[in-house]
Structures are given as C-alpha cells and as structure tokens.
Amino acid sequence: MEQDFLPINGTDHIEFYVGNAKQAALYYQHCFGYELIAYAGPETGVKGKASYVLKQDKIRLVLTSSLSPDSAISEHVKKHGDGVKVLALWVDDATKSFKETTVRGAEPAMEPQTIKDEHGEVVMSAIKTYGETWHTFVERKNYKGAFLPGYKAVKSSLKVEPIGLKYVDHCVGNVELGQMNKWVNFYEEVMGFKLLITFDDKDISTEYSALMSKVVSNGNGYIKFPINEPAEGKKKSQIEEYLDFYHSAGVQHIAIATDDIIHTVSELRRRGVEFLYVPETYYDDVLDRVGEINEDLEALKEQNILIDRDEEGYLLQIFTKPVQDRPTLFFEIIERNGAKSFGKGNFKALFESIEREQELRGNL
Ligand code: FE2
C-alpha cells in the first residue's frame, strides 16, 4: 500500500470569524450545550482580537472577533458575514504536513511556527483551500494546556447542559459553478485524499434547482469533505444562493454526530434552534424505503428527523436553518447506525424544504 503522506488524526478545531464572538459563544453554549474552555484576547496578552473556545466531547469550536475595523478578521466578516475561516486538522507533524502539501501545489497561508507557553509547545502551519478558507495543521503532542499557547483556561458563566454532540462527522464546502472538480483534484493531489462518492444533478435535483457533489476522504476516513457546486435548473440553486450571500466559496454545513438524535434534537428545539421542515407525508412510506429501524417512528416524526439506508446500515439526520442572518452556514445533526453515506434518499425532500425557505427570502 502506498504511504499516506498526510496522516491526520482528526478534526482539531473549527474557527469561525464572527461579528460578535462574545454573544455567539453564549449562543453555542446555551443552545448547543458547548462548554467554554479557553479564551484569548487583550486580557491574555493577545492584541486586536478575542477568541472563545467551546468544547463538547471531541468537538472544539473557536469563535473569533476583531476589535478593530481594519483587520483581516473584520474584512472577512464584512465580506462573508459570520462564517468558517479555519478547518483545522490534528496532525503529528505540522512541518511535514506543510511541506508535503505545498510541494504538491498548496498555497501557503502560514509557515510552520512553534508557539510556547508554560504548558508546552504547539507547532502550527496552514494552507489555503476554497474561497478564503484555510486548513491549519496543529501538532499538539507536546502541549498540555487548555487549547493553544496564548489562551487561558476559563469556564462557562452559565450552567451548560451538553446534548450528546460527539464529533465532527463531515464538513461540506460550496464552490462556484465549474469548480467542483478543481477542488476534488486539490484534495486528491495536494492532500492525498480519495474520492469516496459522486452525486450528479440527477441524484440531487427537484423540479426547480439542482446541484452536484463529490465527497473526498483522507486515508483513515476520519476526515470527510463533500464539495458541492450549483447545477443548471429551472430556478436558482441553493448553492448559488449561498455563493451570492457568502460572496465566495466557503463552508456550507458542518455535520455533528450524536448517539441519540431524538434526545439531541429535542434539546436543540427546546433551546430555540430552528430546523428545516419536511412534510408529515414524508413518514407515510419512509419505512418501505429504509426497512426496519430501532427507533420509534412516531418519535422521529415528532422531531421531523430524516431516515436513510445504504448497504451497510441506516442513518438519521436533520438540518438546522442557517445560524446567521445570511442564508449561508448551517449545521447537520447525524446519527449513524452502520451507514457510511450521506442521506441521498433524503435529498429530494430536503431540497424542496430548502426551496420553500429560499422562496420566502425571495431568492428562488
Ligand atoms: Fe451533510
């Protein structure tokens, strides 16, 4: 077997650039049950920005805001609104990861650098991917602090109740018309990923709009990046709507795994998170399509959770509405019962649901 030139242990963290990190941090703590674990800002000797680190099981989110109008963070927020800046990857050697990818054509974003504090040292480097998104490589085997040097350990000021979010299952990118294969090639050639699945516009179309998607995955399968591009339809593709409002390619959704989706989703709803809606008729014949499942269908119906099956098992999934005013980033909650796919059987019902929302926004 050929050697994996970019071994990745998992997702290290996801960093968002947002208009008001202090308030966003409270939203993710209250609604999604993330614990505040670390902070960096003027009080910790970091000038010009504030970052809040949130954690639930294996997931770490970083919310960063600028304190001045003329910073790269402010420019990012001005152009894209709140959105994902960094999909950070946990590696054993951030210097080698940088060399292996840049020698294969990756555009450098940050040369390898070692940062230290009293808890040890971390080596970090970064490369650019679609839009203005970065992949940061984080080597943390010699570090014992709360997050990274420069951050101090802090605690949530409210009582946080976790809701069973476990790990990042996949992160989806939306790219411009005609750019999907370019980025699939980037992941294959520059990062050594493999093409896992292809969906063409016949798989993913409704009466009105269409998209195409290819899923790439790293050597151990821990990292999965579906890449979407719009396809020609009667009306505007949801991917085009995203691109119009994000003003570039970018991260469309982050799928988070849970072991008990009924509990997770009922808690999210109770705390005010809004989801896309599929009509009740979806449930009339869903079991004919997916066969036997362990969960009570009524409970799934009550939470409007979607079901799909592949050769290896079934999965349960649901999608939030966009989590900021622009119709850009949203979250997926997914529970896998053997299935390794992405819910192809739900695409049509789901996209009709997205189109109802697009119509309301006047963007269909
Ligand atoms: Fe997904």
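Me: What makes Arg336 count as lying over the face of Phe342?

Reply: In this predicted model, Arg336 lies 5.5 Å from the ring centre of Phe342. The cut-off for a charge over a ring is 6 Å from the ring centre, together with an angle within 35 degrees of the ring normal. The distance of 5.5 Å is within that cut-off, and Arg336 is therefore said to lie over the face of Phe342. Arg104 is placed in this way over Phe5, at 3.4 Å from the ring centre.

Me: Why is the pair of Tyr28 and Phe331 called edge-to-face?

Reply: The planes of Tyr28 and Phe331 make an angle of 75°, and the centres are 5.9 Å apart. Rings pair if their centres lie within 6.5 Å, and planes over 60 degrees apart count as edge-to-face. A search of the whole structure finds 21 aromatic pairs.

Me: What does the pair of Tyr28 and Phe331 tie together?

Reply: Tyr28 belongs to helix α1 (residues 21–32) and Phe331 to strand β17, so the pair ties together parts that are 303 residues apart in sequence. Both residues are buried. They also belong to one aromatic cluster, together with Phe16, Tyr27, Phe32 and Tyr34.

Me: Are His253 and Glu332 buried or exposed, and how do you know?

Reply: The relative accessible area is 8% for His253 and 1% for Glu332. Buried means under 20%, so His253 and Glu332 are both buried.

Me: Why is His247 called partly exposed, whereas Asn304 is called buried?

Reply: His247 has a relative accessible area of 49%. Exposed means over 50% and buried means under 20%, so His247 falls in between and is partly exposed. Asn304, with 7%, is under 20% and therefore buried. His247 lies in the loop between α5 (238–246) and β14, and Asn304 in the loop between α8 (297–303) and β15 (306–310). Neither residue is a glycine, yet phi is positive in each, at about 65° in His247 and about 60° in Asn304.

Me: What makes Tyr282 a buried residue, and which residues does Tyr282 touch?

Reply: Tyr282 has a relative accessible area of 10%, which is under 20%, and is therefore buried. Tyr282 is found in the loop between α6 (261–270) and α7 (286–290). Not counting residues up to four places away in sequence, Tyr282 touches Arg289, Ile305, Leu306, Ile307, Asn346 and Ala349. Of these, Asn346 is 64 residues from Tyr282 in sequence and 9.5 Å away in space, C-alpha to C-alpha.

Me: How much area is buried between domain 1 and domain 2?

Reply: About 3,100 Å² is buried between domain 1 and domain 2, with carbon and sulfur atoms giving 67%. In domain 1, the residues that lose the most area to domain 2 are Phe32, His80 and Tyr130.

Note on methods
Residues numbered from 1 in each chain as written. Predicted model: local features only at pLDDT ≥ 70, side-chain atom pairs only at ≥ 80, totals over all residues. Heavy atoms only, no water. Buried < 20%, exposed > 50% of the residue type's maximum accessible area, 1.4 Å probe, protein only. Phe/Tyr/Trp six-rings, centres within 6.5 Å; stacked < 30°, edge-to-face > 60°. Helix = DSSP H or I, 4+ residues; strand = E, 2+ residues; numbered from the N terminus. Buried area = accessible area lost by both parts, 1.4 Å probe. Contact = heavy atoms within 4.5 Å.
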